[in-house]
Amino acid sequence: MRFAVLFFLISILTSCGNCESTDCDNGDCDGRACVCEDGYGGQSCDSQAKPNAIRITRVELNELPDKPFESRVWDDDTSTARSNLPDVMLQVRLGTSQDLTFTSIERFPDTEARAFVFERNMDFKIENVFPELRLTVADLDIPKPTPIYSIIVSGYYNPVNGFPEMITRKDENGAEYTLYLEYDH
């Protein structure tokens with residue numbers, strides 16, 4: 001009888017902390033507890049932790065409206081039929097700040113395009129607080145770039161929807177943007 005009671009107590013104690021009866025939502029069971037994936041915590045790995053930083057590694061812009069491009073005279077140079085077209089680059093600002101967070105090294109000289117991909121040297125971080133982003137397509141004129149079109153991006157981080165590698169949305173004018181994201185935990 002003592003042996004049966006002792007065996008029963010040992011089996012109860014050894015099963016305590018065993019995650020086989022617990023679903024590890026965003027992790028794996030190691031036989032005793034859930035081992036959570038980066039960015040998740042809690043006993044069942046069901047709590048999303050805010051990242052320390054979000055890195056934007058690529059920006060794609062598509063279907064930019066024609067009007068802002070057509071209603072401007074871009075350059076004083078009119079030596080060729082294309083020389084007055086915009087020399088497109090990307091600038092990124094955080095929230096309402098006028099300070100540049102990022103300026104692309106990609107340039108699209110004298111372009112008629114309305115779709116652009118920016119990825120070279122794109123790896124920049126947004127840390128701790130994740131304000132709106134202002135993506136500005138600018139004409140690279142001297143002495144400074146002239147804004148052509150701006151897209152306000154909000155909600156690229158959501159505390160309950162996991163950590164998507166990319167988000168694609170359209171603004172009110174139908175311009176589409178895709179951000180490629182990586183997270184530092």
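These are my notebook entries on what I looked up in the predicted model shown above.

**Entry 1. Ground rules**

I number residues from 1 along each chain as its sequence is written, and my side-chain values use heavy atoms, with hydrogens and water left out. The model is predicted, and local features need pLDDT of at least 70, side-chain atom pairs count only at pLDDT 80 or more, and totals for chains, interfaces and linings use all residues.

**Entry 2. Disulfides**

I searched the whole structure for disulfides and found two. I took a disulfide to be a pair of cysteine sulfur atoms within 2.5 Å.

I looked at Cys 24 and Cys 34, which are joined with an S to S distance of 2.0 Å. The torsion about their S-S bond is about -80°, so this disulfide is left-handed. I then placed both ends: Cys 24 is in the loop between α1 (2–15) and β1 (27–29), while Cys 34 is in strand β2 (residues 34–36). The two cysteines are ten residues apart, and the pair links distant parts of the chain. I used buried for under 20% relative accessible area, exposed for over 50%, and partly exposed for values in between (1.4 Å probe, protein chains only).

I next examined the disulfide of Cys 36 and Cys 45, with S to S at 2.2 Å. This link is also left-handed, with -90° about the S-S bond. Is Cys 45 buried or exposed? I noted 0% relative accessibility for Cys 45, so Cys 45 counts as buried. Cys 36, at a relative accessible area of 27%, is partly exposed.

Asn 121 belongs to the loop between β8 (116–118) and β9 (124–127). With 60% relative accessibility, Asn 121 counts as exposed.

**Entry 3. Aromatic rings**

I counted eight aromatic pairs. My rule was that rings of Phe, Tyr and Trp (its six-membered ring) pair if their centres lie within 6.5 Å; planes under 30 degrees apart count as stacked, over 60 as edge-to-face and the rest as tilted.

How are the rings of Phe 163 and Tyr 183 arranged? I found them edge-to-face, 5.0 Å centre to centre and with 65° between the planes. Phe 163 lies in the loop between β11 (146–153) and β12 (166–170) and Tyr 183 in strand β13 (residues 176–184), so the pair ties together parts that are 20 residues apart in sequence. Phe 163 is buried at a relative accessible area of 17%, and Tyr 183 is buried at 14%. I also traced one aromatic cluster formed by Tyr 40, Phe 130, Tyr 157, Phe 163 and Tyr 183.

**Entry 4. Charges over rings**

I counted a charge as sitting over a ring if NZ of Lys or CZ of Arg is within 6 Å of the ring centre and within 35 degrees of the ring normal. The charged end of Arg 114 sits over the ring of Phe 69, 4.0 Å from its centre. Arg 58 lies over the face of Tyr 180, at 5.4 Å from the ring centre.

**Entry 5. An open sheet**

I followed an open sheet of four strands in the order β7-β6-β10-β11, with antiparallel pairing. Two strands pair if DSSP finds at least two bridges between them. Which strands are at the edges? I identified β7 (100–103) and β11, each of which pairs on one side only.

I noted seven bridges in the antiparallel pairing of β6 and β10, with Leu 133 in β10 as the bridge partner of Leu 94. Strand β10 (residues 133–139) and β11 are likewise antiparallel over seven bridges, and they form a hairpin with six residues between them. Here Leu 133 stands opposite Val 153 in β11.

**Entry 6. Gln 91**

I looked up Gln 91 in strand β6 (residues 88–94). Gln 91 counts as buried at 5% relative accessibility. Leaving aside neighbours within four places in sequence, I listed its contacts (heavy atoms within 4.5 Å), among them Leu 100, Phe 102, Arg 134 and Leu 135.
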